Amino acid sequence: MKMDMSQYLDVFLEESKEHLGSLNQKLLLLEKDAGDIDSLNEIFRAAHTLKGMSSTMGFEDVADLTHHMEDVLSDLKEGILKAGSYVVDILFKCFDRLQLMIDNIESGNSGEMDNSDLLNTLKNIKSGSYEAAAILEPSANYDSEETLRDTENDSGLFALNDYDITILQEAVGRGFNILYIKIEVSPECLMKAVRAFMVFKALEEDGEVIKSVPPAQELDEGKFNGGFEIFMISKTNPDTLVSQINNISEIEVVSLKEIDINSLTVAKTGINLTTPVTENDETVSNGEVTNKKAHKIKQTVRVDIDKLDNLMNLVGELVMHKGRLEQIGSSQKMPALHETIEQIDRITTDLQSVVMKVRMVPIEQVFNRFPRMVRDLAKDLHKEIDFIIEGKETELDRTVIDEIGDPLVHLLRNAVDHGLESPQEREKKGKSPVGVVLLRARHEGNNVFIEVEDDGAGIEVERVLQRAVEKDFVTAKQAEQMTRDETIDLLFSSGFSTSTNVTDVSGRGVGLDVVKTKIESLNGEIFIDSKPGLGTRFKVKLPLTLAIIQALMVSIGNEIYAIPLSSVDETTMITKTDIKMVQNQEVIVLRGTVLPLLRLANLLEVTDHSNCEDEMYVVVVRRGDKQIGLVVDTLIGQQEIVIKSLGKILGGIPGIAGAIVAGDGNVRLILDITTLY
C-alpha cells in the first residue's frame, strides 16, 4: 500500500526553500573564492538533502537533477575539478531550474520538467569531455581586459579579460597548452577568407581558438592583409599543429610560442584541499563580517502566519478597550478601578511587545535575494561590482517586509545600470574600475532606515532640469528658480525620465514615482542625496510596524484626528501677533527659523471651525528635510492607536493613512503627513 505523502508537502516546500536559499548564498561565495571549502560543503549538503527529500516525496526530476549536481560537487570537493566560471554558471542554472520546479510543485503541479540539457552538461563536466569546447564561452565584449603582445614581432595584440584568464587556468589544469600562432597568407592568394577558414577548421580539430587578430568576423569577410594571429589552447604537439597548417596551400606558420599561464593575471584560484581550515571566529565575505562560531541552538516552532495576524488583531482590540477603560476610570474617579486599569495597562503593554517581537522578521530574508540579482546584472552589463550588504539582522514587521522587496529591486537595478559608469569611464575619471553598490539597513528610534548607495556619476541636475522643461513638467521660468533639492524631487514625478534610451533593466527616474507611492503606502518616506561624480544615495525611512503605533491626538472643531508621532518634531503655542505673511504664505519665526504655517481645518475642510481664537496650538511636523507647522484647536495628548484600513473604496485618499476605533467607540482618522500638503 502506497503511503500518502501529501500531508508532508507543506513541510517539504518550506524546507526546500530554506535549502535553495542556502544553495544560492553559498554559490555566490564560491564564485568569489573558489577555494572556500566551507561554502562548497554547504552546497553539497543542501543538494544532498534536497535529493533525499524530493526522492521520498516522489519528485523524481528534482531528485535526478540534484543527484547529477552531487557528482560534480563531489569532484570539486576532491580537487578533481576547479570551481571556475563555467562550472559555477552551470550550478547557478541548476539552482534556477530547481527553483522553478519547486515553484511548480507549490502551485499544485507535479514538478516534472525536461532537464536533459542540464543533465548532459553535468555529465560532460563530470567526465571531463566538456573541456575546451564547453569552457570557452564567447566573452569578447567584456570590458575588464589584460593584453598579451607578441613582444618579438610587436605585431599582435590580444585583449584578454578576467573571464578568459579564468578559462585558461581551467584549461591548463586539464593538461591543455596555451599557444600563440602567427600565420602569413601568400600575397598571390585570391581567396583569403577561405584559407583562414581552413586554418580554423584544422586547428579546432585539435583544440579551441580563443582570440584572433583580426577578429573572426573580419577573417570570414577577408578584411585582412598579409596574415593573422591566433591565441588557442590544445593538447596536440606544437610541431604537429605547424605541420597541419603548413599543409594548407598559400598558408605558412611564421611563429608558434607556448604561453606560460603564470605570466597572466590570475582571476580565480583552484580549490586546495590541503589548506587547513582557519580557526578564526570571523571571516570577511562580500564586505560583511561573518561569525563562524557555533551558535547556541534555539528551539523554534513553525506557526501559520494567519494565526499571528489573528493574534495581532486581538491584541489591537485589547489596546483599544484599554483606552476605553482609562476614559471610564478618569471620569468616574474610582480608586479601585484605577489600580486595576494600571495593572491591565502594564500587562497589555508587555503582551503587545511580545506579539510585536514575534511578528518581527530580519530583513535578511529580503536582502538575501539581491546578491544573485546584482551578480547577474553585472555580468549582463559587463561591469565589475563590489556589492556590500550591511545590517541584515535589522528587524521589521512582517507586513512591511512583504512590501519592501519590489521598491528595493528597482533602486538596486537603477544603481547598477545607470548609477555606475562602465569600467573604462571610471578609469578615465581616476576611479577604481570596480564600482561599489551598498545596501544598508539600521534602526533609528521607532523607524528603520534602508539605504541604496552607489559610487557612480551622481545625478546631473542640469540634465534633469533640461528634460523637465522638454517634457513640460515645469516651465523655463520655474526651472530657473528651482533649488537643487527641488530639481532632484522631479525624479519622483510620474512618467519622468532623464534617459533617452529605454532599456529592459532600468532608467534613472523611470518608475521612481511607483517606488515613492509604494513606500508612502507603508507610511514611509524616500529621500535622494546625490553628489556629482561621487555617487547617489537613496534613503528609505519606514516605521517598525504598521499595526500599533504612538500618535498625537488633536482636535479641529468637533473632529479629533491622530498624527503619527514619527512625523511630529514638537508642539508649541502661538498668538495671532506671531503670524507674519511672506509671499501670501502664513509663517512664524521659531528659534530663528522661518516656519510655514498651514491651518489643518482648511486642509481637511472642517466647516464647523472658528478661527477667532487669540491663542493657537501648532504641531511642528516633518516631511523629508522640511518642517511645517499645522495649526490645530486642541492638543489632546499621546495615545497608542491600532491602525485600521479604510478598505479599497476609501483607500488612497491623500492625507489619510487609515482610521482607528477610539475608546468611546467613535472612528477617528489618522493623518498621513507625506501626502497631506
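Modeller: Let's start with Pro-214, which sits in the loop between strand S4 (207-213) and helix H9 (216-220). The peptide bond joining Val-213 to Pro-214 is cis, with omega at about 0°. Bear in mind that this is a predicted model, so that angle is computed like everything else here.

Two other loops have a backbone feature to look at. Asn-584 has a positive phi of about 65° although it isn't a glycine. You'll find Asn-584 in the loop between strand S19 (580-582) and strand S20 (585-590). Its relative accessible area is 78%, so Asn-584 counts as exposed, the cut-off being over 50%. Then there's Glu-605, another residue other than glycine with a positive phi, near 55°. Glu-605 is in the loop between helix H21 (600-604) and strand S22 (615-623), and at 66% relative accessibility it is exposed too.

Met-198 belongs to a nonpolar surface patch with Leu-190, Met-191, Val-194 and Phe-197, and together the five have about 530 Å² of accessible area. Met-198 itself is partly exposed, because its relative accessible area of 32% falls between the 20% and 50% cut-offs.

Nonpolar side chains in soluble globular proteins tend to be buried together. Here the largest nonpolar core has 58 residues, and Phe-367, Phe-370, Leu-439, Ile-450 and Leu-542 touch the most other members. Helix H15 (residues 398-419) gives the most to this core, nine residues. Take Ile-450: leaving aside residues up to four places away in sequence, its contacts include Ile-363, Phe-367, Leu-396, Ile-404, Leu-408, Phe-538 and Leu-542. There's also a second, separate core of 41 residues, with Leu-27, Met-53, Phe-95 and Ile-105 among them.

As for cysteines, Cys-94 is buried, because its relative accessibility is 0%. Cys-189 is buried as well, at 9%. The count of disulfides comes to zero.

Stepping back, the protein chain has 23 helices and 26 strands, and 45% of its 677 residues are buried. Of the contacts between residues at least 6 apart in sequence, 70% join residues at least 24 apart. The accessible surface comes to about 35,100 Å², and carbon and sulfur atoms account for 49% of it.

Terms used: Residues numbered from 1 in each chain as written. Predicted model: local features only at pLDDT ≥ 70, side-chain atom pairs only at ≥ 80, totals over all residues. Heavy atoms only, no water. Helix = DSSP H or I, 4+ residues; strand = E, 2+ residues; numbered from the N terminus. Buried < 20%, exposed > 50% of the residue type's maximum accessible area, 1.4 Å probe, protein only. Contact = heavy atoms within 4.5 Å. Areas by Shrake-Rupley, 256 points an atom, 1.4 Å probe, with all protein chains shown as cover. Patch = residues over 30% accessible without salt bridge, like charges linked within 9 Å, V, L, I, M, F, W, Y side chains within 5 Å. Salt bridge = Lys/Arg side-chain N within 4 Å of Asp/Glu carboxyl O. Core = buried A, V, L, I, M, F, W, Y, C linked by side-chain atoms within 4.5 Å. Disulfide = S-S within 2.5 Å.
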